[in-house]
Amino acid sequence: MSCVRSVLALLLLGLLAGCAVNPATGKTDFVMMSERDEVSLGQRYHQEVLKQYSLVEDQALRAYVERIGQRMARASHRSNLNYQFTVVDSPDVNAFALPGGYIYIHRGLLSYLNTEAELAAVLGHEIGHVTARHSVRQHGQSTALSVLANVVAIGTGVGAAGDLTNVLGTAVVRGYGRDMELEADGFGAQYLARAGYDPQAMIQVVRVLKAQEDYAKARAAAQGKPVQTGYHGLFDTHPDNDRRLQEVIAKVPGGGAGEVNREAFLQALNGMAFGDSAASGVRRGQRFYHADLNFTLEYPAGWGIVNQPDKLIGHTSDEQAFIIMGMEDKDARLTPEEFLRKKLGRERLVDEFQLNQSGVTGYAAMIPGDKARRLAVLYHDKYAYLFVAAVKGRAPIETQDDQFLRVIRSFRPLTSKEKALAQPLRIRLHTVKAGETIRSLAAKSKFNDDGENQLRLLNGLYPQGEVRAGQVIKVVK
């Protein structure tokens, strides 16, 4: 017992040593790393992000975002950091920051912004997370909880105590929480004013995100699905009625009119891919097309298609059956059958057969049992495309196997006519003419579905806003 007390005393001394003055708030925070270590951690994570995500190819757009980001960074509490601003080639409405000044904004979020000031607000919010050292503070709390758990486990001999505390530590790391998000809003608004932008742009960004959340809720309710928490967390009220948010923005010193720069921002977005990009492959209805890899495949009617950087996932509407496709370099020394057997090791296989479709060769098999899986590999050009399919719960795989095989057998090279379908939709600018409405413009745009709501979201008009003659808006073509 005395040994445990000694270790706890040393731990408390370590915790006190981890206290530091927050450069943005001026308050004493608990952290367990120096600024040098923080930057080093960010550099390592940044390399991992670059492995997971592609960057937008438009150099002019990347340079534009970098220029606005650096302008905001110079106005921050930690302008000494070497900030980097990265535009991620993803349709997700998201942005995030790593320790040390690595800021990321997804192309999908850019699509729904409408002014340079709004872009600056998003970047300022993420810079606020960095200057307030939010990730470092959570890392410190998580580390302390982990260390404390180990001490308790050593002293009591009960490993469960450590497991329980580690779960708590994981929960702390999982999100910033509304308090930290509001703090980042406040710092972001300060940096907007210092950089010469209108700090009210922070409120407008929250309106954009609230509209996305409301739309997601309406879609999920119509489909009987749960709502996924989006970027910035869930909002209990509309931002115009959010007292805490309004108070945070109202406290900004010198907060008055500033730059908005709508025209410059819209010109920067003109021609940007909307939704899927050519580099990631394009979903059109139930088909998926990839120009660079020269293939297409089709999913059954009613199935969802999830396009991730490293995999393609098809699933039934109730999400009880799914098929995942990944890829890796082909080993030309092995036949498809040998390739699959090498991947599976000693797994017992049944229902095996060769595949040959439009010049694409492959091999399919099934792993039997309570958790049966349909497997296949297809050789196409330089790559081996691997399929794994399964059914959740107790339903036998045979209930969906015909559908799984239909997806696998639909894989083939693109025809010459299909290569145009593998090109992404793009944002284009349009000056509204007299008599044009959201409905008429949505009918001419090429949204995959729900065009009127999508057009409103794209232009800050959700849920019932209307365009006016002479207004420059974003459409999709």
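User: How do S14 and S15 pair, and over how many bridges?
Analyst: Strand S14 (residues 360–367) runs antiparallel to strand S15 (residues 373–380), with 7 bridges between them. Strands here are DSSP runs of E, at least two residues long, helices are H or I runs of at least four, and both are numbered from the N terminus. Two strands count as paired if DSSP finds at least two bridges between them.

User: Which residue is the bridge partner of Thr361 in S15?
Analyst: That's Tyr379.

User: What packs on the sheet there?
Analyst: Helix H12 (residues 336–344) does, touching strand S12 (321–329), S13, S14, S15 and strand S16 (383–391). Contact means heavy atoms within 4.5 Å. The direction of H12 makes about 40° with that of S14; axes are lines fitted to C-alpha atoms, for helices over the stretch in contact, and angles run from 0 to 180 degrees between N-to-C directions.
Analyst: Helix H13 (residues 401–409) packs on the sheet too, touching S12, S13, S14, S15 and S16. Its direction makes about 30° with that of S13.

User: Is this experimental or predicted, and how are residues numbered?
Analyst: It's a predicted model: local features need pLDDT of at least 70 and side-chain atom pairs count only at pLDDT 80 or more, while totals for chains, interfaces and linings use all residues. Residues are numbered from 1 along each chain as its sequence is written, and side-chain values use heavy atoms, with hydrogens and water left out.

User: Back to the sheet. What's the strand order?
Analyst: It's an open sheet of 7 strands, S10-S11-S12-S16-S15-S14-S13, with antiparallel pairing. Strand S10 (304–308) and strand S13 (350–357) are at the edges with a single partner strand each, so one side of each has no neighbour in the sheet. On average, neighbouring strands are turned by 15° against each other, direction ignored.

User: Zooming out, how many helices and strands does the protein have?
Analyst: 15 helices and 18 strands.

User: What share of the residues is buried?
Analyst: 46% of the 477 residues, where buried means under 20% relative accessible area (1.4 Å probe, protein chains only).

How values were computed: Buried means under 20% relative accessible area, exposed over 50%, partly exposed in between (1.4 Å probe, protein chains only).
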